[in-house]
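Hi,

Here is the structure I said I would send over.

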Amino acid sequence: MQRIFSGIQPSGIPQLGNYLGAIRNWVNLQADHECVFCLVDMHAITVWQDPQKLHEQTLAQTAILLASGIDAQKHILFNQSAVSAHARLAWIFNCVSRLGWLNRMTQFKDKAGKDRENHSSGLYVYPNLMAADIMAYKATRVPVGEDQKQHLELANDIAQKFNHDYGVEFFPQVEALIPPAAARVMSLRDGTRKMSKSDPSAQSRIEMTDDADTIALKIRRAKTDSEVLPDTFDALEGRPEARNLVTIYAALADISVNDVLARHQGEGFGPFKQTLSDVVISAIDPIAKETQRLLQDKAHLVSVLRSGAERAQAIAEPVVTEAEKIVGFVK
């Protein structure tokens, strides 16, 4: 089996976009890959995090992943800061990576904007740590969205330069696994913006801990237009909120968007939202209930992460120790 490494930040409660774009894909990848799943708490603190909230959200994220179907017995689930190999290899990669490469990273530019001088240096070198996360396990595949594809290309550049500089064939090239039909889930309040767990309005997103009543209320309040649903997805051009709701329905029901419209052509948003609520609730409510059950035993969640960290360290420690020997550190 090929080894996959993938990480998710434990800042905020995962929302429907995170589930459809990453978590559900992780669950499916377990069938034919060796999976290393990481809560990247070191990445999270590249922007300020309340310490107590970060602690609580790391455990909540663990519960959500388990409730969604991550098998922490067959695969590895842990928090990044518990395995020192990540930080040690990240420093080596800070010294291998070039400033010009980091200056081209569009995600830093997007996050920092015009106020880049006041952002943390950690946010700037974040891609080097991401490369270390992957290479510490010599992972050969990484599931990523389009927004992380540039960072994965950088990880390959860093690995290639390390190998060249030290005359070794040590770190592998990594393949990006981009789901071919990953749903792009937008805000329930603005169909032109991605659904985000950092949005100030909780009404803009379906959180993975929302109960059935909360989900139904959020969908009922979701922004729409006054037109009925057309017969093809192309006919929704210029109707971002309508496109978003149809996309969510199709993704959760595992059918095409045109199949959704064939069923609901000519329908107004009142009845369509009711049907959509049923679809979302059937997918999310069981996860939310299991998450709440798991959160009643936080000691168990800590033990899951601790066990995962021990198994992760058993893989990463020999790799990073050898990398340190290659660069000349006395071990």
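Predicted model: local features only at pLDDT ≥ 70, side-chain atom pairs only at ≥ 80, totals over all residues.

Let's start with the cysteines: the sulfur of Cys38 has its closest cysteine sulfur in Cys35, 13 Å away, which is too far for a bond. For a disulfide, two cysteine sulfur atoms have to lie within 2.5 Å, and the structure holds zero of them. Cys38 is buried, at 0% relative accessible area, and Cys35 counts as buried too, at 2%. (Buried is under 20% relative accessible area, exposed over 50%, partly exposed in between, with a 1.4 Å probe and protein chains only.)

Residues are numbered from 1 along each chain as its sequence is written, and side-chain values use heavy atoms, leaving out hydrogens and water.

Now the aromatics: there are 11 pairs. Rings of Phe, Tyr and Trp (its six-membered ring) pair if their centres lie within 6.5 Å; planes under 30 degrees apart are stacked, over 60 edge-to-face, the rest tilted. Phe93 and Phe171 have ring centres 5.5 Å apart and planes at 75°, so they are edge-to-face. Both are buried. Tyr249 and Phe272 are 5.6 Å apart between ring centres with planes at 15°, so that pair is stacked. Tyr249 and Phe272 are both buried as well.

Ring pairs also join Phe93, Phe162, Tyr166, Phe170 and Phe171 into a cluster.

Cheers
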